[in-house]
Amino acid sequence: MSRLFTFGCSFTNYRWSTWADILGSQYDLYYNLGQAGAGNHFIFNSIMEMDQRYHIGNDDTVIVCWTNVMREDRYIKNRWV
């Protein structure tokens, strides 16, 4: 069984289909963890969280679309801002 995990900002997950959705149709299981407005800290933490939940292994495909280094995000009061 093939699994795809994608991470990033709005280029990865948005209201309409993105590159991640197109690639996801080629896999048995597809997890799109992109979020509009996400910064690199959010993206990094999403990768770590999914690894803990789904035990990402050698047979899985992981694609990360890092965002601009100037984008700031913080985890405050149990949510990302």
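1. Contact here means heavy atoms within 4.5 Å. Helices (H or I, at least four residues) and strands (E, at least two) are DSSP runs, numbered from the N terminus. With those terms, the buried residues of helix 2 pack against strand 1, strand 2, strand 3 and strand 5 (79-80). Buried means under 20% relative accessible area, exposed over 50%, and partly exposed in between (1.4 Å probe, protein chains only).

2. Basis of the values. This is a predicted model, in which local features need pLDDT of at least 70 and side-chain atom pairs count only at pLDDT 80 or more, while totals for chains, interfaces and linings use all residues. Residues are numbered from 1 along each chain as its sequence is written, and side-chain values use heavy atoms, with hydrogens and water left out.

3. Pairing requires at least two bridges found by DSSP between two strands. Strand 1 (residues 3-7) and strand 3 are joined by four bridges. Within that pair, Phe7 stands opposite Val64.

4. Helix 2 placement. The length checks out: at 1.5 Å a residue, the 15 residues should span 21 Å, and the end C-alpha atoms of helix 2 are 21 Å apart. The expected span is 1.5 Å times one less than the number of residues.

5. Helix 2 faces. Asn40, Phe42, Ile43, Ser46, Ile47 and Met50 are buried. They cover an arc of only 155° around the axis, which puts them on the same side of helix 2. That arc is taken from the directions from the helix axis to the C-beta atoms. His41 and Gln52 are exposed, on the face turned away from the buried side.

6. The core. The largest nonpolar core has nine residues: Phe5, Phe7, Cys9, Tyr31, Ala38, Phe42, Ile43, Ile47 and Met50. Such a core is a set of buried Ala, Val, Leu, Ile, Met, Phe, Trp, Tyr and Cys residues joined through side-chain atoms within 4.5 Å. Helix 2 gives the most to this core, with four residues.

7. Thr12. This residue is in the loop between strand 1 and helix 1 (19-24). Thr12 counts as buried, at 0% relative accessibility. Beyond four places in sequence, its contacts include Trp19, Asn32 and Cys65.

8. Val62. This strand 3 residue is partly exposed, with a relative accessible area of 35%. Leaving aside neighbours within four places in sequence, Val62 is in contact with Phe5, Phe7 and Ile56.

9. Backbone points to check. Most residues other than glycine have a negative phi. His55, not a glycine, has a positive phi of about 50°. His55 is in the loop between helix 2 and strand 3 and counts as exposed, at 60% relative accessibility. Asn78, also not a glycine, has a positive phi of about 65°. Asn78 lies in the loop between strand 4 (75-76) and strand 5 and is exposed, with a relative accessible area of 66%.
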